[in-house]
Amino acid sequence: MEQADTLSLPAATWETEFLEDTSLRRIVLELYDREHLGLRRYVAFLGADSDTAWEVVQESYLRLHQHLLAAGDRTNLRAWLYRVAHNLLRNMQVSARTNRMDYLPDLAASADIRTAAMSAEEEMLASERNARFAAALDQLNPVQRECLALRTRGLKYREIGDVLNLSVSTVGEHVQRGLEKLKELL
Amino acid sequence: MNSSLSMTDGHLSNGVLVQFMDDELTPAEAAKTERHLAHCSMCSHRYAELRRVSSSLDGFIESLQPAFSLSERQVLASKLESVNARNVSRTAGKPGPRLAWWGLAAAAALTVGVLYLPSSHSTPGAKTTQVARESTSAFEIDGETFVSLPFSNPELPVNARRIVQMQVPVSSLAEAGIVLEPVANQVAQPDRSVLADVLLGLDGQPVAVHIVTSD
């Protein structure tokens, strides 16, 4: 079999267009390593159990791969991932008819406190703290919770706005009101 | 946000403090806020409170589940590997079940690393099989005639190309509307396959084919 002796496209094009398959997979896995725990926490925060969270997160990364294969916009893949995961979960919740605003189904229970390094007393304190926190979060409206959770993941207001379809200033208001409410309640 | 920070009775609003904490102010606004915080104990106290709530929220969310699982990562990795074999119909174009074989073959060919560009001069001794076309169109790349596959995605640019040489079953070619006229007798048998250069589009799916007999 004869090896390619001519390459009619410039090397840069070769790299980006021809060898994309493997490098795209690598990009996806890199983003997975960097962000999948955060993404899962976010999805869990929206009320997904751990199986659902894994399903949503996995599908989000597979879609990211499709997005890259289709030469989609790459300017902010992190925010893109959160948006896709957010919408996937919402769609699942709608189709499962469980969309009754019952986020945080039992966050205190699903909060998996790292027991190994903790004494029984510390553990109890931590779980009490978490229960209090979950109860306080329950008092916030859903959008406030979503804004706060995305903010905790390090997303900028503009990115949060992209995920939730809100303006930057609206995001700012939700973050502020959410924090104020938490401050009152805790 | 305009440069005049919203103040109430000479103090910074919670909105400003939160945006300052989140690094959402302009540099000028942030500098002004910082200066104010340096000498206003009331605002810096409120700011500290907001920070405390914020960091305990972070801690709470961090405590929600999950641990890294190597097996899950492997599941994802292997799914990514097989993506070329799956339909890329989500992106655009018509999926069509017939894509399946081509996609699989293309993915396999890529995996074993026979990715290459065809030389513009045919291998000596290889005869180009005549191709009778129905509703397909043909175009040239490096002097070789490629026949468009009818179910390829027409929106993808042809010039972004990648060519894989592989054995293609004659029956698959027939499905694509490409009927081979026998040059050598064995080629025409439907269970046979022929060596072909397959042009892959950006989506990893075959766009066109150029038949090379391998006899």
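This section describes the fold of chain A, the aromatic pairs and the cysteines of a predicted model.

Chain A contains nine helices and zero strands, and its elements follow the order α-α-α-α-α-α-α-α-α along the sequence. Of its 186 residues, 48% are classed as buried. When contacts between residues at least 6 apart in sequence are considered, 68% of those in chain A join residues at least 24 apart. The accessible surface of chain A amounts to about 9300 Å², and carbon and sulfur atoms account for 50% of that area.

Four aromatic pairs were found over all chains. One of them is formed by Y42(A) and Y82(A), in an edge-to-face arrangement with 5.7 Å from centre to centre and 70° between the planes. This pair links distant parts of the chain, since Y42(A) belongs to helix 2 (residues 20-45) and Y82(A) to helix 4 (residues 77-95), 40 residues apart. Y42(A) is buried, with a relative accessible area of 1%, and Y82(A) is buried at 0%. In chain B, the ring centres of F20(B) and Y47(B) lie 5.5 Å apart with the planes at 55°, so this pair is tilted. F20(B) lies in helix 1 (residues 14-21) of chain B and Y47(B) in helix 3 (residues 41-62), 27 residues apart. Both F20(B) and Y47(B) are buried.

The count of disulfides over all chains is zero. For C40(B), the nearest cysteine sulfur is that of C43(B), 3.7 Å away; because a disulfide requires sulfur atoms within 2.5 Å, C40(B) is in no disulfide. C40(B) counts as buried at 8% relative accessibility, as does C147(A) at 0%.

Key. Residues are numbered from 1 along each chain as its sequence is written. Chains are lettered from A and ligands numbered from 1 in the order in which they are written. This is a predicted model: local features need pLDDT of at least 70, side-chain atom pairs count only at pLDDT 80 or more; totals for chains, interfaces and linings use all residues. Side-chain values use heavy atoms; hydrogens and water are left out. Buried means under 20% relative accessible area, exposed over 50%, partly exposed in between (1.4 Å probe, protein chains only). Helices (H or I, at least four residues) and strands (E, at least two) are DSSP runs, numbered from the N terminus. Contact means heavy atoms within 4.5 Å. Accessible areas come from the Shrake-Rupley method with a 1.4 Å probe; for residues, only the protein chains shown count as cover. Rings of Phe, Tyr and Trp (its six-membered ring) pair if their centres lie within 6.5 Å; planes under 30 degrees apart count as stacked, over 60 as edge-to-face and the rest as tilted.
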